Amino acid sequence: MHFSAAASRVALSRGNTRFNTRMQAPAQPPADLLPVQRQATLAYRALRLWAVPLLNVLFRIAVEGRVHIPTDHPYVLIANHLNWLDSFAILATFPAEPRIHFLGDTTMLVTRKVQWALVKSVGGFIPVNRQARPDTVLFHHANQCLQRGGVVAIYPEGNYGAKEGELMPFKKGFAHFAVDNHVPVLPVALSGTQELWLRKRVRLIVGPPIESTGHTVESLVTLAETRMRALVPPYHHPGGPKLMRRRLTHLF
């Protein structure tokens with residue numbers, strides 16, 4: 001009887017733990033939850049009308065190498081990752097079409113109704129399921145994006161980089177997408193976004209596209225990392241006033 005009662009308590013405890021876990025952890029959204037396409041949605045175009053001027057009021061964004069940005073075919077965009085501004089700066093300075101789609105974990109975002117409704121109307125997101133190994137749905141959806149003429153944007157370091165002017169080793173995902181779909185890789189170096197303050201100068205340096213034809217995944221990773229290391233400029237910390245430094249650096 002004592003064993004049975006103890007076993008029942010253990011079973012009940014485990015059941016409560018599983019129930020609480022299910023209640024607390026949002027479900028991982030599938031990669032094909034949002035549409036992918038070449039065309040920019042009307043909501044995205046409307047958002048750019050006020051968001052781009054706002055970013056240019058807050059920061060001084062300088063773009064070098066605009067001539068290298070493809071406008072007539074899909075590609076994989078890779079960039080170093082320093083802070084929240086990186087994605088916004090890329091979207092604000094690149095053409096509206098072909099539409100850029102960022103890979104990101106939207107697990108928590110789907111629980112916020114207003115923000116999620118905005119993301120769905122604007123588009124440009126491919127949810128990543130970090131628990132899936134491999135995430136076959138993600139690969140299928142990213143391939144579909146490129147085949148439809150869209151752009152897939154990836155931070156190949158996998159997370160925020162160590163510090164300004166440095167790169168961490170690249171992961172291989174971007175090279176799989178490029179090689180499998182026979183599209184080029186466009187390297188974009190970001191500088192000045194790790195720490196932010198009002199009117200800080202931020203640089204985007206767009207390098208020449210790297211053709212994937214004739215490359216293996218491994219050789220493309222090596223070449224892209226080499227090109228990116230040459231593209232990222234040395235960083236010199238600017239002097240002068242740093243208004244709203246803490247707030248803007250940690251805005252998101």
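Which strand gives the largest share of the lining of the second largest pocket? Strand E7 (residues 200–206) does, with 3 residues. Helices (H or I, at least four residues) and strands (E, at least two) are DSSP runs, numbered from the N terminus.

This is a predicted model, in which local features need pLDDT of at least 70 and side-chain atom pairs count only at pLDDT 80 or more, while totals for chains, interfaces and linings use all residues. Residues are numbered from 1 along each chain as its sequence is written, and side-chain values use heavy atoms, with hydrogens and water left out.

**Pocket**

The second largest pocket has a volume of about 220 Å³. A pocket is found on a 1 Å grid over the protein atoms alone, as an open set of points where a 1.4 Å probe fits, with protein on both sides within 12 Å along at least five of seven lines; lining residues have an atom within 4 Å of a point. Grid points are joined across faces, edges and corners, and the volume is the space filled by probe spheres set on the points.

The lining of this pocket consists of 13 residues. Lys 200, Arg 201, Tyr 235, His 236 and Pro 238 lie nearest the centre of the pocket. Sorted by class, the lining holds 5 charged, 4 polar and 4 nonpolar residues. Here Ala, Val, Leu, Ile, Met, Phe, Trp, Tyr, Cys and Pro count as nonpolar, Asp, Glu, Lys and Arg as charged, and the others, Gly among them, as polar.

**Salt bridges**

The whole structure contains 6 salt bridges, each defined as a side-chain nitrogen of Lys or Arg within 4 Å of a carboxyl oxygen of Asp or Glu. Among them are the pairs in this table.

| Pair | N to O distance | Relative accessible area |
|---|---|---|
| Arg 45 and Glu 97 | 3.0 Å | Arg 45: 37%; Glu 97: 26% |
| Lys 163 and Glu 166 | 3.7 Å | Lys 163: 44%; Glu 166: 39% |
| Arg 245 and Glu 195 | 2.5 Å | Arg 245: 31%; Glu 195: 28% |

Buried means under 20% relative accessible area, exposed over 50%, and partly exposed in between (1.4 Å probe, protein chains only). Arg 45 is therefore partly exposed at 37%, and Glu 97 is partly exposed at 26%.

The salt bridge between Arg 45 and Glu 97 links distant parts of the chain, 52 residues apart. Arg 45 lies in helix H2 (residues 42–58), and Glu 97 in the loop between H3 and strand E3 (100–104). The salt bridge of Arg 245 with Glu 195 ties together parts that are 50 residues apart in sequence, because Arg 245 lies in helix H8 (residues 245–249) and Glu 195 in the loop between strand E6 (185–191) and E7.

**Backbone**

Most residues other than glycine have a negative phi, and most peptide bonds are trans. Pro 98 is in the loop between H3 and E3.

Positive phi values occur at His 182, near 55°, and at Met 244, near 60°; neither residue is glycine. His 182 sits in the loop between helix H6 (173–181) and E6 and is exposed, with a relative accessible area of 64%. Met 244 sits in the loop between helix H7 (217–231) and H8 and is partly exposed at 41%.

**Surface patch and buried residues**

Phe 88, Leu 251 and Phe 252 make a nonpolar surface patch of about 330 Å². Patches are made of residues with over 30% relative accessible area and no salt bridge, like charges being joined within 9 Å and nonpolar side chains (Val, Leu, Ile, Met, Phe, Trp, Tyr) within 5 Å. Accessible areas come from the Shrake-Rupley method with a 1.4 Å probe, and for residues only the protein chains shown count as cover. Phe 88 belongs to helix H3 (residues 85–93) and counts as partly exposed at 40% relative accessibility.

Ala 189, in strand E6, is buried at 0% relative accessibility. Val 128, in the loop between strand E4 (125–127) and helix H5 (136–147), is buried at 15% relative accessibility. Val 128 and Phe 139 are 11 residues apart along the chain, and their C-alpha atoms are separated by 9.8 Å.
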